[in-house]
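Please open the structure in your viewer and keep the sequence panel beside it. The tour below goes from one selection to the next and says what to look for at each stop.

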Amino acid sequence: MQRVLLGAGLALLFLFVLVSTAPARLLGYLVPDHQLRLSGFSGTLWEGMASNVAVATPGGWVQLGRTRWSLSQLYLLALMPTLDIESEWGQQRLQANIRLYPSGDVLVRGLRTSFSAGLIKQFMPVNLRGTLTLESPQLKIASGVPTEGRGKLVWRQAFWRGVRGSQPLGDYELNFQIPAPAIGSAQVKTLAGPIRIEGGLEVKGREYSVDASLTSDEVIDVELSSALELMAAPVDGGYRLKFNSEF
């Protein structure tokens, strides 16, 4: 019996050493290439780097650029892959701790990411400029949808560009809370700039409501004004957005 236990222990030790020194390029065979593309590997499977990473989204592929990761061996044994990740692509940055549960749910902690507002054009037909920074201490995601968490989104040097004109907007901060699945709220305030935005958003199930005001001491670009009038009511010095709808 002692020989059997000793043999099993040595086998496990050998397997642990073998896996812990596995090259990072093996990750390319473990992840689905229709969801994640990686190239230029260095390091090991546990502590490695890829010189280029891209993630598939409904709007197309989003570049993360050079990405480093550190995978927890302990949580992997518990069938809950957990890793620290850092990436950079030009001025774009991402830092987070990510845990994947057997159910498919994802827990993101210590999230901090910054990216150009121009990236939004991949998902919405608007031409925006500026830098967006998203921070969240903890965010739970199920089926690709946030179900619990809180955070802050800051948009600095916001700028709108139309077909014939453009408009500098300002700096804004949006704080959001998601106490339960399909329930959430957000409040936006102006930090600086010529156009002031104040208000909030409420979400309950498939319904959502918006109540916000947009004011400016300066003349708003005609093309932007026309776009705003499609969903907002003109008031003295600006516009009022107040409506309910469904996703």
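Is Phe 243 buried, partly exposed or exposed? With a relative accessibility of 28%, Phe 243 counts as partly exposed. Before going further, please keep in mind that this is a predicted model.

**Confidence**

Colour the chain by pLDDT, whose mean for the protein is 88, with 91% of the residues reaching 70 or more. Where pLDDT is low, the predicted coordinates should not be read in detail.

Select strand 1, which covers residues 36-43, together with strand 2, which covers residues 47-57; the two run antiparallel and are joined by 7 bridges. A hairpin of 3 residues leads from strand 1 to strand 2, and Gly 43 can be found opposite Gly 48 of strand 2.

Now select Phe 41, which belongs to strand 1 and is partly exposed, with a relative accessible area of 27%. Leaving aside residues up to four places away in sequence, Phe 41 touches Ala 24, Arg 25, Leu 27, Gly 28, Met 49, Ala 50 and Trp 69. For a sense of scale, draw a distance from the C-alpha atom of Phe 41 to that of Ala 232: these residues are 191 places apart along the chain, and the two atoms are separated by 50 Å.

Next, go to Thr 113 in strand 6, which spans residues 106-116. Thr 113 counts as buried because its relative accessibility is 13%, under the 20% limit for that class. What does the side chain of Thr 113 reach? The side chain of Thr 113 comes to 2.7 Å from the backbone oxygen of Arg 93. Arg 93 is also among the residues that Thr 113 touches, and the others are Leu 94, Leu 132, Thr 133 and Leu 134, again not counting residues up to four places away in sequence.

From there, move to Glu 135, which lies in strand 7, residues 128-142, and is partly exposed at a relative accessible area of 28%. With residues up to four places away in sequence left out, Glu 135 touches Leu 111, Arg 112, Arg 150, Gly 151 and Lys 152. Pro 102 is 33 residues from Glu 135 along the chain, and the C-alpha atoms of the two are separated by 26 Å.

**Two positive phi angles**

Most residues other than glycine have a negative phi, and most peptide bonds are trans. Select Ser 143, in the loop between strand 7 and strand 8, where phi is positive, near 55°, in a residue other than glycine. Ser 143 is exposed, with a relative accessible area of 77%. Then select Gln 157, which lies in strand 8 and has a positive phi of about 55° although it is not a glycine. Gln 157 is exposed as well, its relative accessible area being 64%.

**Aromatic pairs**

How many aromatic pairs are there? The count comes to 2 aromatic pairs. One of them is formed by Trp 155 and Tyr 172, a tilted pair with 6.2 Å from centre to centre and 55° between the planes. Because Trp 155 lies in strand 8 and Tyr 172 in strand 9, residues 166-180, this pair ties together parts that are 17 residues apart in sequence. Trp 155 and Tyr 172 are both buried.

To finish, show Tyr 208 and Phe 243, which form an edge-to-face pair at 6.3 Å from centre to centre, with 80° between the planes. Tyr 208 is in strand 12, residues 207-216, and Phe 243 is in strand 14, residues 238-246, so that the pair links distant parts of the chain, 35 residues apart. Tyr 208 counts as partly exposed, at 21% relative accessibility, and the tour thus ends at Phe 243, likewise partly exposed at 28%.

Conventions. Residues are numbered from 1 along each chain as its sequence is written. Side-chain values use heavy atoms; hydrogens and water are left out. Helices (H or I, at least four residues) and strands (E, at least two) are DSSP runs, numbered from the N terminus. Buried means under 20% relative accessible area, exposed over 50%, partly exposed in between (1.4 Å probe, protein chains only). Contact means heavy atoms within 4.5 Å. pLDDT is the predictor's confidence in each residue, from 0 to 100. A polar contact is a pair of N or O atoms within 3.5 Å; within protein, one must be able to donate a hydrogen and the other to accept it, and residues adjacent in sequence count only if both atoms are side-chain atoms. Two strands pair if DSSP finds at least two bridges between them. Rings of Phe, Tyr and Trp (its six-membered ring) pair if their centres lie within 6.5 Å; planes under 30 degrees apart count as stacked, over 60 as edge-to-face and the rest as tilted.
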